[in-house]
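Morning, everyone. Let me walk you through one model. Please have the viewer open.

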Amino acid sequence: MILVYIEVRDGKVKKSSLEALSEGKRRAGELELEAHAVLVGHGLEGLASGLYAYGAAKVHVLENTLLSHYSPSAYAYALHSLVEELQPPALLFSATALGKDLAPRVAAKLGVGMASECTRMEVQEGRLEVVRPVFAGKAFVTFRVTSTPQIMTLRPNVFPVEEGGGSGETEVKEVVVPENQTHDRVIEQLREEGTELDVTEAEIIVSGGRGLKSPENFDLLRDLTHILPHSAVGASRSAVDSGWIDHQHQVGQTGKTVSPDLYLAFGLSGAIQHLAGMASSKYIVAVNKDPDAPIFKVADFGVVGDLFEIIPHLKEGLKKALAE
Amino acid sequence: MNTFVFIKRVPDTESKIRIDHENNCIIEEGLNFVMSPYDEYAVEEALQIRESKGGTVTVFSVGSEESIIILKKALAMGADEAVLIRDDAPESYDGLRTARIIAEAIKQKYSEYGLILFGKQSMGADNAQVPAMVAEMLGLPQVNVITQLELEGNTGSALREIEGASEKVTVPLPAVVSAQKGLNEPRYETLKGIMMAKRKQIPVITTAELGLSDEQLAPQLTIVRMETPPAREAGKIVEGDAAETAQQLVDFLHEEAKVI
């Protein structure tokens with residue numbers, strides 16, 4: 001079977017895990033295999049049956065109170081024992097903060113290689129072949145992971161979620177976790193005030209650059225994210241380096257690589273290292289005073305004009321269009 | 001406390017990437033190579049630890065002889081020692097291979113350390129695999145993508161960035177950590193540092209010396225193809241009255257992109 005790791009945050013299954021499960025199910029179907037899901041933690045059994053609809057023929061729940069908080073060493077320990085038992089040809093993770101932390105630890109435990117941040121997956125000669133961006137999207141490489149299990153992390157927001165599977169079964173296993181394996185567990189989670197979605201998970205990104213002129217003006221963009229569904233605020237490196245907004249929001253080669261449905265760029269010139277990080281967005285819309293700004297070369301729609309004059313009208317227009 | 005920092009030579013972020021399709025690799029000619037930006041935060045953090053806790057900072061790089069330039073930069077920033085782990089193999093994008101080389105070098109030759117630092121990922125391969133793999137191979141705790149680190153006795157306390165939040169993690173030392181932007185502000189090299197770095201001998205270790213077999217060094221990934229993304233075509237550009245152009249933008253989102 002293709003085994004898919006399912007991440008739980010704040011008691012809920014992450015959407016990106018459902019994307020990975022759906023993709024696992026699609027490829028497993030081609031290989032005439034089943035897709036299985038695995039939950040690691042404490043008290044997660046109740047989430048298992050919800051995964052059948054996304055194609056999990058079986059859900060393995062690895063249970064131990066010591067796993068109630070994320071610990072890369074302990075989670076890798078638990079997953080490793082399941083992989084040894086099931087011997088799946090492939091193991092998929094979503095390329096979230098947790099997935100990117102955990103997958104390589106599991107791979108090293110198994111002594112196998114892995115491909116990170118995959119954006120496409122297909123079956124070739126009975127094995128998975130993946131495409132992934134390198135240099136933050138300036139190039140794309142098609143890889144075959146030759147070791148088994150083939151381990152991959154899948155970039156969030158790229159693979160479609162597919163509901164429609166039927167029934168499945170759940171097996172809860174009380175796993176043994178040596179106390180010393182929890183030496184890197186998370187003690188507490190500190191949430192940034194007012195943040196909702198991360199740019200890597202948003203369907204719409206409202207992004208700003210130097211043209212915003214001050215940290216306060218990022219509120220204009222925050223306002224737009226309150227109107228637009230599943231949206232988050234992004235920023236250019238120069239805006240971040242000016243101290244106008246936290247680095248968490250930075251898009252580009254020293255920030256995050258994103259592929260939202262819509263990327264709205266305000267006062268952002270489009271330096272090469274920024275374009276690399278967002279060029280795979282489905283639609284790019286730019287508002288900039290400078291008609292020669294490089295961002296217009298990649299924008300599907302551009303407005304040459306003053307963002308401070310345009311945003312208030314845009315806000316009203318969007319409200320009206322969304323209300324209809 | 002002694003710290004080890006692992007750094008990598010990569011093309012700078014302004015680079016335009018061109019592909020050698022015959023060999024499935026990037027064309028290095030004309031590119032400007034630098035220390036991977038996230039690694040600079042790791043070096044800076046190690047220097048700050050030395051300043052507050054004592055000990056030494058040793059930087060390592062796995063790569064060709066050309067990596068000496070970035071090792072010299074780290075020395076010029078203030079690192080005490082630099083070591084080149086010579087590996088002339090082409091970029092395979094296989095983190096396991098690099099992690100094996102690093103873990104072997106540490107196990108066999110460098111046992112005195114309290115902390116191993118990396119950048120959260122190398123710029124280019126964008127893998128973010130090696131720090132966690134090295135931690136696993138050495139049986140150490142890991143905290144990746146950190147924006148804050150405090151050391152107290154035999155314990156490290158770090159903040160690690162996740163989606164829309166931070167996680168606080170406390171680990172026993174020695175440990176592996178990887179640096180995110182925001183951890184600190186990397187210093188510039190000083191003139192004195194540059195002069196000292198020039199004179200400094202950089203020992204070279206080879207993979208053969210580490211006793212790694214061809215099998216252990218064989219990449220676990222095969223590159224089938226390498227391409228640049230299709231160029232996006234510029235779309236419609238409008239100019240004029242703010243209310244009018246804003247409405248045109250809304251119409252585009254509604255009717256063409258259908259995102260609202």
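I start with chain B. This is a predicted model, so keep that in mind throughout. The secondary structure of chain B amounts to 7 helices and 15 strands. Chain B has 260 residues, and 55% of them count as buried.

Now the surface. Chain B exposes about 11300 Å². Carbon and sulfur atoms supply 48% of that area.

Then the charges. Chain B carries 26 positive and 41 negative charges. How far apart are their mean positions? The answer is 5 Å.

One more item in chain B, a cis peptide bond. It runs from Leu173(B) to Pro174(B), with omega near 0 degrees. Where is Pro174(B)? In the loop between β11, residues 165-172, and β12, residues 175-179, of chain B.

Over to chain A, which has a cis bond to show as well. Thr148(A) and Pro149(A) are joined by a cis peptide bond, omega about 0 degrees. Pro149(A) sits in a loop of chain A, with β10 (139-145) on one side and β11 (150-154) on the other.

Hold on to those two residues, and look at Val112(A). Both Thr148(A) and Pro149(A) are among the residues that Val112(A) touches. Val112(A) itself is in the loop between α4 (97-110) and β7 (114-118) of chain A. Is Val112(A) buried or exposed? It counts as buried, because its relative accessibility is 3% and the cut-off is under 20%.

What else does Val112(A) touch, leaving out residues up to four places away in sequence? In chain A, the list also includes Ala107(A), Ser147(A) and Ile151(A). From chain B come Leu96(B) and Met133(B). Ile151(A) is 39 residues from Val112(A) along the chain, yet their C-alpha atoms are separated by 7.9 Å.

Next, backbone angles. Two non-glycine residues in chain A deserve a look. Glu117(A) has a positive phi, near 60 degrees. Glu117(A) lies in strand β7 of chain A. With a relative accessible area of 9%, Glu117(A) is buried.

Phe135(A) also has a positive phi without being glycine, and here the value is near 50 degrees. Its place is the loop between β9 (127-134) and β10 of chain A. Phe135(A) counts as buried too, at 5% relative accessibility.

Last topic: domains. Chain A is divided into domain 1, residues 2-182, and domain 2, residues 204-323. Their C-alpha centres lie 33 Å apart. How many residues make the contact? Domain 1 of chain A gives 7 residues, and domain 2 of chain A gives 6 residues.

The area buried between these two domains is about 630 Å². Carbon and sulfur atoms give 52% of it. Which residues of domain 1 of chain A lose the most area to domain 2? They are Ala136(A), Lys138(A) and Arg155(A). Together they account for 72% of what the domain 1 side buries.

The cis bonds are Thr148(A) to Pro149(A) and Leu173(B) to Pro174(B). The positive phi values are at Glu117(A) and Phe135(A). Thanks, over to you.

Technical notes:
Residues are numbered from 1 along each chain as its sequence is written. Chains are lettered from A and ligands numbered from 1 in the order in which they are written. This is a predicted model: local features need pLDDT of at least 70, side-chain atom pairs count only at pLDDT 80 or more; totals for chains, interfaces and linings use all residues. Side-chain values use heavy atoms; hydrogens and water are left out. Helices (H or I, at least four residues) and strands (E, at least two) are DSSP runs, numbered from the N terminus. Buried means under 20% relative accessible area, exposed over 50%, partly exposed in between (1.4 Å probe, protein chains only). Accessible areas come from the Shrake-Rupley method with a 1.4 Å probe; for residues, only the protein chains shown count as cover. Lys and Arg count as positive and Asp and Glu as negative; His and the chain ends are not counted. The place of a charge is taken as NZ of Lys, CZ of Arg, CG of Asp or CD of Glu. Contact means heavy atoms within 4.5 Å. Domain bounds come from an automatic or database domain assignment. Buried area is the accessible area (1.4 Å probe) that two parts lose on being put together, summed over both.
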